[in-house]
Amino acid sequence: MTATEPVTPMVKAEAVHKRFGRLEVLKGVSLQVDPGEVMCIIGPSGSGKSTFLRCINHLEKIDAGRLSVDGELVGYRQDGDKLYELREREVAAKRAEIGMVFQQFNLFPHMTVLQNIIEAPLKVKRESRSDAVVRARDLLELVGLADKGDSYPRQISGGQQQRVAIARALAMRPKLMLFDEPTSALDPELVGDVLDVMRKLAREGMTMVVVTHEMGFAREAGDSLVFMDGGVIVERGQPREMIRDPQHERTKAFLSKVL
Amino acid sequence: MTAKSSRGTGDLADQGTTGTGATETVSDSTGNGAPEEIRAIPVRHPGRWIAAVIIGLLLAMLVHSLFTNPNWQWGIVKQNLTTSTVIHGIWVTLELTALSMLIGVALGAILAIMRLSPNPVVSGAAWTYVWFFRGTPVLVQIIFWSFLAALYPFPSLGIPFGPEWVTFDANKLIPLFVGALLGLGLNEAAYMSEIVRAGILSVDQGQSEAAQALGMRRLLVLRRIVLPQAMRVIVPPTGNETISMLKTTSLVSIIAVVDLLKAVQNIYGSNYKYIPLLLVASIWYLIMTSVLSVAQYYIERHYARGSARALPPTPFQRLRAVWSRRRRSTGAAL
């Protein structure tokens, strides 16, 4: 693929709006994530960054604007100038191609680590058990937990749980990974291991959208940095430059608090 | 982790305020091996002794009267405990309990899932069902269904367990048994649906979100992720319902289905030995509920998988552990 050829953006948002009742959480968010790009989104709590992330895999329905993943609208199908809401089956099929990692890990506590990872490949992609298990073992190796396959989530630390959650998402071979504050619920000493796994993924060329407070990660692993506040994108730029020299007053104020 | 760190800061604070005192304790616990064991006179609990004496006395009086008062007529109890009429009645009671709980749990689960459906017609129907069946007495429902069974010949309904009954007893009892079953089962479904719904609601929202994010569909999420976790909340009250059902089945004696209670009623109807025969029924009900309680314990353990770092041992395992420890110690002594 040459540089001049137009690339379909992995995520494209155009004036995305989202309301919860009378509270408008997203007030027109427009951005673009290219394949292989690692975008970090920062911002104070309540700025809408998590909501935006959840819109990308249709865990939240957007109220206005356009949002597409890999060239296809999220949650709708366009036919001529009419929009048709997708059926549950179609929404699920699209979600299967997008990995998501949550702040609270959300591992399935009644399943072992290995079962957590193979569940969706078996039941959604209908892979054979042996294939799924082989892949799961590889992924556990990748996240440094090769010996934890038979543990239950409550028997391992938070950092380990989050790495399992990443492996579980990767088991579906997603084309896009969404991280919703993946290290915010972790003890400081456990954050590093999770970020290491994420760096590894970034190096391997995974397209990632990461909502985070880890400025170090954003600076080193991020290709772009977005600062959101009050439901809009305040500033967007190259992470190093933006962290060193923020242009906007609100960005300056925020960065001075988190750095 | 948090306990450790909070203790750490506590030590710091101690050192700040008391100075040498804190360092002494530290050297005590680390330096000269184990610190001296505490030998203090324990708090006396005279209340416990008084209570034990009073309760022991009452218990002794009860047992004494049970054995010496001839009106209990233990001989007749013993005679009737295992007569064929009673045993047959027990089977009917167990059958009614098992089948009506089966209906109750299956239909209840369906109703709960319907109630949580985004489809308003479906959830409204489930709500109405619960409203109706919870709002009328189960006895009325049993009688109603037994009359309905008399009004309509039932073969078209296709209850799979009907034919087995024929081998047991007279043909004409089928509608009554089915009527009793419907009365108990449909009523139970209303209660079970609320239990199942409570269980489903108790599972963290993040679980179904994570499952959905993996591309799983609603019913798959429910079956594989939510319900197995909900079981921990569903099982205890369901055990409760089963035990309650075992006794509620005695209501069917009113429509002449010969369950355990009706069986003993039939016997004392002819020999007028009311008390000993009611004792026979009570003894059997107690035995059956005890067995169910034990079963419930093990089912609960099964669904506690992954909820605790390690499950506590069962009473049985504890007993075995004590036993093997004792054998080992006596073996060593020998």
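User: Where in chain A is A:Thr207 found in this predicted model?
Analyst: The model is predicted.

User: Is A:Thr207 buried or exposed?
Analyst: Residues under 20% relative accessible area count as buried. The relative accessibility of A:Thr207 is 4%, so this residue is classed as buried. Leaving aside residues up to four places away in sequence, A:Thr207 touches several others, including A:Met10, A:Val33, A:Lys175 and A:Met177. The class of A:Thr207 is therefore buried.

User: In which element does A:Val210 have its place, and what is its relative accessibility?
Analyst: A:Val210 has its place in strand E10 of chain A. Among the residues that A:Val210 touches, not counting those up to four places away in sequence, are A:Met39, A:Phe179, A:Met198 and A:Phe217. A:Val210 counts as buried because its relative accessibility is 1%.

User: Which element of chain A has the highest confidence?
Analyst: The mean pLDDT of chain A is 93, with 98% of its residues at 70 or more. Confidence in chain A is lowest in strand E6 (residues 76-79), at a mean of 90. The highest value, 97, belongs to strand E9 (residues 176-180).

User: At which residue of H11(B) does a kink lie?
Analyst: Helix H11 of chain B (residues 218-248) has 31 residues, and a straight helix would reach 45 Å at 1.5 Å a residue. The end C-alpha atoms of this helix are only 36 Å apart. A kink of about 45° lies in H11(B), shortly before the proline B:Pro228, and its place is B:Val226.

User: Which element gives the largest share of the lining of the largest pocket?
Analyst: The largest pocket holds about 990 Å³ of space. Its lining has 31 residues, and the closest to its centre are A:Glu88, B:Pro118, B:Ser208, B:Gln212 and B:Arg218. Two or more lining residues come from each of helix H2 (88-95) of chain A and helices H9 (173-202), H10 (205-213) and H11 of chain B. The largest share, 6 residues, is given by H11(B).

User: What is the relative accessible area of B:Ser250, and where is its place?
Analyst: B:Ser250 touches B:Asp259, B:Leu261 and B:Tyr285, leaving out residues up to four places away in sequence. B:Ser250 is buried because its relative accessible area is 18%. Its place is in the loop of chain B between H11 and helix H12 (260-271).

Technical notes:
Residues are numbered from 1 along each chain as its sequence is written. Chains are lettered from A and ligands numbered from 1 in the order in which they are written. This is a predicted model: local features need pLDDT of at least 70, side-chain atom pairs count only at pLDDT 80 or more; totals for chains, interfaces and linings use all residues. Side-chain values use heavy atoms; hydrogens and water are left out. Buried means under 20% relative accessible area, exposed over 50%, partly exposed in between (1.4 Å probe, protein chains only). Contact means heavy atoms within 4.5 Å. pLDDT is the predictor's confidence in each residue, from 0 to 100. Helices (H or I, at least four residues) and strands (E, at least two) are DSSP runs, numbered from the N terminus. The expected span of a helix is 1.5 Å times one less than its number of residues. The bend at a residue is the angle between axes fitted to the seven residues ending there and the seven starting there. On a 1 Å grid over the protein atoms alone, a cavity is a set of points where a 1.4 Å probe fits but cannot get out, and a pocket is an open set with protein on both sides within 12 Å along at least five of seven lines; lining residues have an atom within 4 Å of a point. Grid points are joined across faces, edges and corners, and a volume is the space filled by probe spheres set on the points.
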